[in-house]
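The structure is shown first.

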Amino acid sequence: MPLPTIFARDEIIMSTAVTLDNIVKRFGTFTAVHPLNLEIEQGSFLTLLGPSGCGKTTTLRMIAGLLDPTEGDILVKGQRVNTVPIHKRNLGIVFQSYALFPHKTIFENVAFGLKYRDVSKAEVEQKVKAAMELVQLPDMGDRYPTQLSGGQQQRIALARAIVIEPDVLLLDEPLSALDANLREDMRVELKNIQEKLGVTTVFVTHDQGEALAMSDNIVVMRDGRIEQVGSPWDVYNRPASEFVAQFLGASNLMDVSVEGAGADKVAIELPHFGKLEVDTTQVPKGNASQKGKLVLRAEKLQLSDAKAKLPAGHVSAKGTVEAVDYLGQSVRYFVHVGDQKLQAINTVGQALFNQGEAAQVHFDPQNCTLLGD
Amino acid sequence: MRGWPLIRAWTILVYTFMFLPVAVVILLAFNANQFGAFPMTGFSLRWFVALWENDAIVRAFQTSLTLGLMTAIISTTLGVLASLALVRYDFPGKNSISTLLIAPILVPEVVLAVALLLFLQMLNIPKSFFLLLMGHVIFTLPFVVLVVQARLVAVKKDYEEAARSLGASPIQAFFQITLPLILPAVMAGGLFAFTISFDDITGTLFWKPGGVETVPTQIFAMLRNSISPEINALGAVMIMLTTGLPLIGIGVARWSASRRNK
Ligand SMILES: Nc1ncnc2c1ncn2[C@@H]1O[C@H](COP(=O)(O)OP(=O)(O)OP(=O)(O)O)[C@@H](O)[C@H]1O
Ligand SMILES: [Mg+2]
């Protein structure tokens with residue numbers, strides 16, 4: 001096979017589906033979204049994650065064309081779409097409320113978008129059937145939305161959005177109205193369907209579990225600004241800010257002083273634990289300042305007997321167990337090390353400690369992140 | 001619980017007072033007696049036939065029907081558009097416009113009637129059927145707006161947005177999604193407008209051009225001369241029309257709702 005063809009294909013696969021170029025949204029004097037830049041890769045699954053009111057829905061609605069950005073440009077496949085009305089954008093939207101048309105049958109609901117496209121009647125039948133099979137509800141065509149369960153309505157809403165083969169699929173907290181078990185099933189299924197179709201997807205949630213499980217990339221937002229963009233592994237293990245560290249899972253934040261920074265190692269002094277070294281890859285913002293904060297996930301901090309031998313490379317300190325939370329498969333300890341209060345989540349298989357007991361706490365410096373002040 | 005028999009008796013009295021005259025009118029419409037009064041001397045449809053043969057009454061009926069239907073169509077169309085604007089869009093002066101639209105039912109009808117009449121005289125505009133129609137539109141519009149607005153608030157914007165995202169233009173989304181969802185309220189509003197216009201006498205007396213009579217003004221005119229039994233028959237027809245239409249409307253609404261949720 002001649003090389004140029006392969007190159008051309010790669011370029012298409014890696015191209016950008018959606019670009020947000022300095023978009024701002026103001027409601028009166030209130031700024032809901034501050035200048036925001038983002039590139040969404042073709043075919044990828046991107047999640048907007050953040051606490052309530054941080055501007056996730058506002059951002060999504062601007063991409064959808066349901067809200068006009070106050071400033072900035074939105075590009076879909078390289079074309080500026082700011083002035084393109086929503087019905088000409090070819091986007092699939094799944095609403096939190098599903099928004100299935102109550103006066104139309106399930107078939108008519110799924111077929112709705114095809115009416116406005118150049119599709120023959122036979123093709124409509126066949127496309128609707130395929131979409132309903134994809135969401136595993138092939139036999140519901142004659143029913144009305146009120147005759148379906150919440151989970152089924154959710155699937156039909158998805159079928160209706162994907163049957164038009166949208167350039168981008170937009171989902172605003174689509175799983176939040178489902179109960180916990182169903183939500184986990186739908187999470188897996190939604191991800192499978194997205195991968196099968198290869199459709200670029202923007203997903204909004206404030207559930208970190210959903211975000212970590214489904215996304216190729218996560219955008220962590222706070223007060224209308226992006227805190228961090230990265231893979232689930234990155235945002236979880238290499239939080240770029242204290243906010244991200246606190247928002248995703250349980251973290252320990254410890255004050256440290258930086259002793260010296262080399263080409264690929266940074267030496268730091270951590271009270272009670274002593275001196276330790278981290279890789280520069282563990283310092284997300286590049287240069288470490290004199291003072292900083294060391295972020296350590298609660299799962300990475302371990303408790304053991306004072307006499308037990310430490311795993312290689314670990315640093316340790318002596319602590320007292322202040323409180324114990326039994327979580328089922330794991331145990332959460334609240335440990336005092338000097339005046340520091342630390343959290344540790346250990347599996348039940350390890351040695352158990354009781355309230356008031358002394359223990360040795362230790363961790364591998366490879367597992368922490370250093371944030372500048 | 002001792003007060004209940006009294007309250008019950010009182011309630012029955014009130015309703016009797018309200019509905020007995022109506023019942024009497026209907027009953028006397030079928031009276032064979034030529035004085036249109038008790039005692040009943042036999043069952044007869046002669047007064048209905050007389051109605052049918054009275055040109056003035058037939059003409060008044062046609063006028064009322066035309067006026068009522070046109071009022072209903074114009075009021076409903078304007079009312080739906082106004083409700084859409086008030087519920088779905090934000091614009092300066094929204095609250096004052098909303099109040100202005102509702103105002104005609106807060107102002108006594110006589111005041112409204114005189115005001116409009118004086119206004120037209122000031123501008124030297126002669127009375128016409130068109131202006132009578134506009135008058136009816138003005139005071140039926142609030143009912144349509146109130147009913148349709150209430151329904152529209154309950155229909156989530158999500159439906160329209162979903163339709164738009166799937167490729168429907170704003171107008172297509174309105175006719176495909178919004179209108180069917182608010183249709184019961186639109187029909188109710190239209191029926192309100194029709195019956196209010198059909199029944200109206202105050203405004204109509206002030207606004208109607210010479211020579212034009214609606215059923216209520218015709219009855220009013222007839223009463224000034226004599227109390228003919230035809231009036232009873234005409235009253236019976238009016239009652240049937242103004243209560244029958246809403247009942248049919250409710251029936252249709254129930255039927256279409258049950259079809260969807262079977
Ligand atoms: N139409 C509006 N007018 C004024 N302020 C608005 C409007 N829409 C949203 N906001 C404000 O913008 C901010 C961001 O809202 P947005 O709906 O995007 O939050 P979100 O991240 O989706 O939150 P949630 O998780 O609760 O859905 C909020 O403070 C909200 O009050
Ligand atoms: Mg939201």
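## The shell around ligand 1

Sorted by class, the residues that form the shell around ligand 1 comprise 4 nonpolar, 6 polar and 2 charged residues. The model is a predicted one, and in it the shell is made up of F27(A), F30(A), A32(A), S52(A), G53(A), C54(A), G55(A), K56(A), T57(A), T58(A), E173(A) and H206(A).

T57(A) takes part through its side chain, of which an N or O atom is 2.5 Å from an oxygen atom of ligand 1. Of the 630 Å² of accessible area that ligand 1 has on its own, the protein covers 58%.

In terms of secondary structure, two or more residues of the shell around ligand 1 are given by each of the elements β2 (30-41) and α2 (56-64) of chain A. The element that gives the most to this shell is α2(A), with 3 residues.

## A helix pair in chain A

In chain A, helix α5 (residues 150-162) packs with helix α6 (residues 180-197) at an angle of about 15°, and the axes of the two helices are 12 Å apart. Because of that angle, α5(A) counts as roughly parallel to α6(A). The crossing in which α5(A) passes α6(A) is right-handed.

## The helices of chain B

Chain B has 11 helices and 0 strands, and from the N terminus on its elements run α-α-α-α-α-α-α-α-α-α-α. The C-alpha trace of chain B spans about 70 × 60 × 40 Å along its principal axes.

## Packing around α6 of chain B

Helix α6 (residues 129-154) of chain B packs with helix α3 (residues 55-88) of chain B at an angle of about 45°, their axes being 6 Å apart. This angle is why α3(B) is described as oblique to α6(B). α3(B) passes α6(B) in a right-handed crossing, and the residues of the contact between these helices divide into 20 nonpolar, 9 polar and 1 charged.

A further partner of α6(B) is helix α8 (residues 170-199) of chain B, with which α6(B) packs at an angle of about 150° and with an axis separation of 9 Å. The angle is over 145 degrees, and α6(B) and α8(B) are therefore roughly antiparallel to each other. In this pair, too, the crossing is right-handed, α6(B) passing α8(B). Helix α6(B) thus has an oblique arrangement with α3(B) and a roughly antiparallel one with α8(B).

Notes
Residues are numbered from 1 along each chain as its sequence is written. Chains are lettered from A and ligands numbered from 1 in the order in which they are written. This is a predicted model: local features need pLDDT of at least 70, side-chain atom pairs count only at pLDDT 80 or more; totals for chains, interfaces and linings use all residues. Side-chain values use heavy atoms; hydrogens and water are left out. A residue is near a molecule or strand if one of its heavy atoms lies within 4 Å of it. A polar contact is a pair of N or O atoms within 3.5 Å; within protein, one must be able to donate a hydrogen and the other to accept it, and residues adjacent in sequence count only if both atoms are side-chain atoms. Accessible areas come from the Shrake-Rupley method with a 1.4 Å probe; for residues, only the protein chains shown count as cover. Helices (H or I, at least four residues) and strands (E, at least two) are DSSP runs, numbered from the N terminus. Ala, Val, Leu, Ile, Met, Phe, Trp, Tyr, Cys and Pro count as nonpolar, Asp, Glu, Lys and Arg as charged, and the others, Gly among them, as polar. Axes are lines fitted to C-alpha atoms, for helices over the stretch in contact, and angles run from 0 to 180 degrees between N-to-C directions. Angles under 35 degrees count as roughly parallel, over 145 as roughly antiparallel, 65 to 115 as roughly perpendicular and the rest as oblique. A crossing is left-handed if the near helix is turned anticlockwise from the far one by less than a right angle, and right-handed if clockwise.
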